[in-house]
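User: Hey, I've just opened this one and I'm new to it. Can we go through it together?
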Amino acid sequence: MHRFGKAAPAFVAQESFDVIHAHDWMTYPAGMAVKKASGKPLVVHIHNTSFDRTAGHPNQAEYDIEHQGFTQADRVIAISRRVKDTLVSKYAVDPSKIDVVHWGIDSAGSASRTQVAASKKLVLFLGRVTVQKGPDYFIEAAKKVIIHEPDAHFVLAGEGDMLPQCINRVLELGLLDNFTFTGGIYGAEKDRLFRAAEVFVMPSVSEPFGLVALEALKNGAPIIISKSSGVSEVVRHCLKVDFWDTDALANSIVGVLRNPALHDELKEH
């Protein structure tokens, strides 16, 4: 990353451009170097901060690069108001130079349901299996859901450093018959999994936005999302819970599974 930053001014020396646009901390050193060499304005785009990636315990080296990038930038683009608040409170960025631009998604694609076994009510988690995404809260809520909905089947799709821990916890709780771990899912397979789900759950501890929630909606899956997410700022027809409140999360899942009218309302809107 630092080598790229040092080399970047030479890469662009013969190029004609008006503005430098750098995304996230790994490209900030290059953006700052090009600004210094060219005198052109620098816009930095922040998708997730070191606080988001570590659930509130930032890596100091990454934090320092982010802080320097925000300080030297002429404008900062944050992907949610939640991220903007973090920049102001944790990095002392002037709020007047921050613009919030929420993520969007291509709405093209089929939202038709994929047929699954009638005896299974599929509850889906899909994302990186890391502390930031809250897969452990998904599992603890599943234990409570199964008491009331024994036919519910939970799919934890994704890869990450918490995957062994999650598998062990499912074994400890005796829930193996109610769980499937798919590993990484991509492309058409991911869309097919969304369409098979009765409900998609995103219990993120710290989520700058949460594009996966929009992918679920695009594919016709009702969603339950964490209040600690940027996507909660723009999505209205969904259920929102505190990530740590596994009772509320379980109640919401059971509600969607048992109430066809609620399910259809969340899906339609």
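Predicted model: local features only at pLDDT ≥ 70, side-chain atom pairs only at ≥ 80, totals over all residues.

User: Where is Glu149 in the chain, then?

Analyst: Glu149 sits in the loop between α6 (135–148) and β6.

User: And which residues is Glu149 in contact with, leaving aside its neighbours within four places in sequence?

Analyst: Those are Lys121, Val254, Leu257 and Arg258.

User: You mentioned β6. What's the strand order in its sheet?

Analyst: That open sheet has six strands, ordered β7-β6-β5-β8-β9-β10, with parallel pairing. At the edges you find β7 (179–183) and β10 (239–241), each of which pairs on one side only. Neighbouring strands are turned by 20 degrees against each other on average, direction ignored.

User: How many bridges are there between β6 and β7?

Analyst: Four, in the parallel sense, with β6 covering residues 152–157. To find the pair on screen, look for Ala157, which stands opposite Gly183 in β7.

User: Which strands does helix α7 touch there?

Analyst: Helix α7, residues 163–172, packs on the sheet and touches β6 and β7. Its direction makes about 165 degrees with that of β7.

User: What about the surface? Which residues form the nonpolar patch?

Analyst: Ile167, Leu171 and Leu176 form it, and together they have about 250 Å² of accessible area. Leu171 lies in helix α7 and is partly exposed, at 47% relative accessible area.

User: OK, new topic. What's the order in the four-strand sheet?

Analyst: The order is β1-β2-β3-β4, an open sheet with parallel pairing. The edge places go to β1 (20–23) and β4 (98–100). Each has a single partner strand, so one side of each has no neighbour in the sheet. From one strand to the next, the twist averages 25 degrees.

User: How many bridges join β1 to β2?

Analyst: Four bridges, and the two strands run parallel, with β2 made of residues 42–46. Ile20, for instance, has Leu42 in β2 as its bridge partner.

User: Which strands does α4 touch?

Analyst: Helix α4 (residues 60–72) packs on this sheet and touches β2 and β3 (75–78), its direction making about 135 degrees with that of β2. There's also helix α5 (residues 81–91), which lies across β2, β3 and β4 and runs at about 160 degrees to β4.

User: Last one: what's phi at Asp24?

Analyst: Phi of Asp24 is near 65 degrees, a positive value in a residue other than glycine. Asp24 lies in the loop between β1 and α2 (28–38) and counts as buried, at 13% relative accessibility.

User: And what about phi of Ala92?

Analyst: Also positive: phi of Ala92 is near 55 degrees. Ala92 is placed in the loop between α5 and β4, and at 66% relative accessibility it counts as exposed.

Terms used
Residues numbered from 1 in each chain as written. Heavy atoms only, no water. Pairing = 2+ DSSP bridges. Axes fitted to C-alpha atoms, helices over the stretch in contact; angles between N-to-C directions. Contact = heavy atoms within 4.5 Å. Patch = residues over 30% accessible without salt bridge, like charges linked within 9 Å, V, L, I, M, F, W, Y side chains within 5 Å. Areas by Shrake-Rupley, 256 points an atom, 1.4 Å probe, with all protein chains shown as cover. Salt bridge = Lys/Arg side-chain N within 4 Å of Asp/Glu carboxyl O. Buried < 20%, exposed > 50% of the residue type's maximum accessible area, 1.4 Å probe, protein only.
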